[in-house]
Amino acid sequence: MVIELLKFKVAPDLQENFIQKDAEIWTTALAEYPGFLGKEVWLNPNDPSEVIFVIRWETFEHLDAIPEQELEAIEAKFVQAVGKFYPIVESAEYQVLKGLAH
């Protein structure tokens with residue numbers, strides 16, 4: 001499994017709308033692609049403006065298979081819905097190791 005981590009800065013009073021529109025637009029769109037396993041939203045109690053999306057994919061190939069023009073179209077729809085562009089302030093990708101004992 002692969003984790004895609006995206007961090008945004010969103011004013012606390014705008015987060016509910018941001019997260020709702022993300023679920024309606026981004027998560028719905030990503031769910032149509034093979035290899036999409038799910039998405040979580042993390043809020044940082046030490047930084048109220050921080051919103052992190054943790055997106056799970058089967059493989060890096062699945063993550064990278066989405067055409068750039070489709071990502072741009074989804075982003076344009078999202079920006080229109082929330083009323084402004086929120087840049088990603090940090091992004092990372094991780095490979096999840098399986099079979100480790102707890």
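Which element of the chain has the lowest mean pLDDT, and which the highest? Helix 2 (residues 60-64) has the lowest, at 95, and strand 3 (residues 50-57) has the highest, at 98. Here pLDDT is the predictor's confidence in each residue, from 0 to 100. Across the chain the average is 95, and 96% of the residues score at least 70.

This is a predicted model: local features need pLDDT of at least 70, side-chain atom pairs count only at pLDDT 80 or more, and totals for chains, interfaces and linings use all residues. Residues are numbered from 1 along each chain as its sequence is written, and side-chain values use heavy atoms, with hydrogens and water left out.

Now follow the fold. The chain has 3 helices and 4 strands. Their order along the sequence is β-α-β-β-α-α-β. Helices (H or I, at least four residues) and strands (E, at least two) are DSSP runs, numbered from the N terminus.

Next comes overall size. The C-alpha atoms fill a box of roughly 40 × 35 × 20 Å, taken along the principal axes. Of the 102 residues, 34% count as buried, meaning under 20% relative accessible area with a 1.4 Å probe, protein chains only.

Among contacts with a separation of 6 or more, 72% come from residues 24 or more positions apart. A contact means heavy atoms within 4.5 Å.

Last, the charges. The chain has 8 positive and 18 negative side chains. Lys and Arg count as positive, Asp and Glu as negative; His and the chain ends are not counted.

Terms used
Buried < 20%, exposed > 50% of the residue type's maximum accessible area, 1.4 Å probe, protein only. Charge placed at Lys NZ, Arg CZ, Asp CG, Glu CD.
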